[in-house]
Amino acid sequence: MAMILIAEDEQAISVLLKYNLEKAGYETVCVAHGNRVLSAVEKNMPSLILLDWMLPEISGLELCKVIRNNPDWKNIPIIMLTAKGQEEDKIAGLSAGADDYVTKPFSVPELLARIKTNLRRSSSVASAIKKEYVFRDIVLNTVEKKVFRGENYVQLGPTEFRILQMLISNPQQVFSRDEVLKTVWGQSIYVEPRTVDVHIRRLRKALNEFGPDYIRTIRATGYSLDDHQVEE
Ligand code: CA
């Protein structure tokens with residue numbers, strides 16, 4: 001299921017968008033402040049961003065440039081939402097790297113159609129760099145953001161997914177809590193190292209429902225994905 005980040009400070013619009021997007025089958029995350037947008041992108045890795053032009057603290061235009069300059073985020077489609085309808089604003093938005101541009105008040109069916117088009121375009125870009133990681137019976141697909149264990153679909157939260165992606169892309173390699181923190185949460189966000197343990201526990205619980213425990217805990221060091229049962 002595609003996750004859409006709604007960055008909009010007008011509550012009425014944000015509620016309207018959330019309602020309609022969820023009805024259309026998308027997951028949503030809403031933020032109302034410019035300075036929350038980047039951490040929300042980092043945390044949720046959305047499939048698409050609806051970005052209001054006029055946001056408190058940091059404008060949508062500035063945020064658009066920052067997102068486009070980040071190698072991990074540069075392929076996330078951005079649709080700018082704006083009350084301004086002037087041609088020069090549209091050009092500014094598009095040259096800042098927005099993929100599309102919708103003027104308020106917008107029609108919901110039209111916006112949904114644009115979202116669909118932009119998601120389709122980005123998934124065809126993503127499939128060109130399609131990645132599937134396999135470890136024993138665990139399969140992680142970075143395009144569909146899905147994990148299977150044999151025939152079983154393993155439901156993971158976005159954080160657990162990213163931790164597993166890190167482990168499965170380098171099996172047998174031991175990652176320290178700090179490395180997990182930096183890769184999964186990013187350097188800019190402060191998270192207690194213990195939080196890693198909490199998410200590892202959740203990841204283990206979800207995975208082990210369908211097979212043996214391949215996550216190895218190396219005491220005082222960190223974690224790895226490994227099928228050698230090494231006792232501490
Ligand atoms: Ca606004």
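Helices (H or I, at least four residues) and strands (E, at least two) are taken here as DSSP runs, numbered from the N terminus. The structure is a predicted model, in which local features need pLDDT of at least 70 and side-chain atom pairs count only at pLDDT 80 or more, whereas totals for chains, interfaces and linings use all residues. Residues are numbered from 1 along each chain as its sequence is written, and side-chain values use heavy atoms, with hydrogens and water left out.

The calcium ion is coordinated by Asp-9 (OD), Asp-52 (OD) and Met-54 (O), at 2.1 to 2.3 Å, where donors are N, O and S atoms within 2.8 Å of the metal (3.2 Å for Na, K and Ca), and where the site may look incomplete because water is not among the atoms. Along the chain, the donors of the calcium ion have the spacing D-x42-D-x1-M. Asp-9 belongs to the loop between strand 1 (3–7) and helix 1 (11–23), and Met-54 to the loop between strand 3 (48–52) and helix 3 (60–68), so the pair ties together parts that are 45 residues apart in sequence. With a relative accessible area of 33%, Asp-9 is partly exposed, whereas Met-54 counts as exposed at 53% relative accessibility; in these terms buried means under 20% relative accessible area, exposed over 50%, and partly exposed in between (1.4 Å probe, protein chains only).

Strand 1 also takes part in a pairing with strand 2 (residues 27–31), which is parallel and runs over five bridges; two strands are said to pair if DSSP finds at least two bridges between them. Within this pairing, Met-3 has Glu-27 of strand 2 as its bridge partner. The chain passes from strand 1 through helix 1 to strand 2 in a β-α-β crossover that is right-handed, that is, with the strands pointing away from the viewer, the path from the first strand over the helix to the second runs clockwise.

An antiparallel arrangement is found in an open sheet of three strands, in the order 10-12-11. Its edge strands are strand 10 (175–176) and strand 11, each of which pairs on one side only. Strand 10 pairs with strand 12 in the antiparallel sense over two bridges, and the bridge partner of Phe-175 in strand 12 is Tyr-223.

Backbone geometry was examined next. Most residues other than glycine have a negative phi, and most peptide bonds are trans. In the loop between strand 11 (215–218) and strand 12 (222–225) lies Ala-220, whose phi is positive, near 65 degrees, in a residue other than glycine; at 76% relative accessibility, Ala-220 counts as exposed. Glu-57, likewise not a glycine, has a positive phi of about 75 degrees. Glu-57 is placed in the loop between strand 3 and helix 3 and, at 54% relative accessibility, counts as exposed. The peptide bond from Lys-104 to Pro-105 is cis, with omega near -5 degrees, and Pro-105 is part of the loop between strand 5 (100–103) and helix 5.

Grid points are joined across faces, edges and corners, and a volume is the space filled by probe spheres set on the points. The largest pocket has a volume of about 1,600 Å³. Of the 48 residues that line the largest pocket, Met-45, Thr-142, Val-143, Lys-145 and Phe-161 are the closest to its centre. Two or more lining residues come from each of several elements, among them helix 2, helix 5 (108–128) and strand 8 (146–149). The lining of the largest pocket divides into 22 nonpolar, 13 polar and 13 charged residues, with Ala, Val, Leu, Ile, Met, Phe, Trp, Tyr, Cys and Pro counted as nonpolar, Asp, Glu, Lys and Arg as charged, and the others, Gly among them, as polar.

A search of the whole structure finds one cavity of 30 Å³ or more, and about 40 Å³ of space lies in the largest cavity. The residues lining the largest cavity are Glu-42, Lys-43, Thr-159, Arg-162, Val-184 and Trp-185.

Notes. On a 1 Å grid over the protein atoms alone, a cavity is a set of points where a 1.4 Å probe fits but cannot get out, and a pocket is an open set with protein on both sides within 12 Å along at least five of seven lines; lining residues have an atom within 4 Å of a point.
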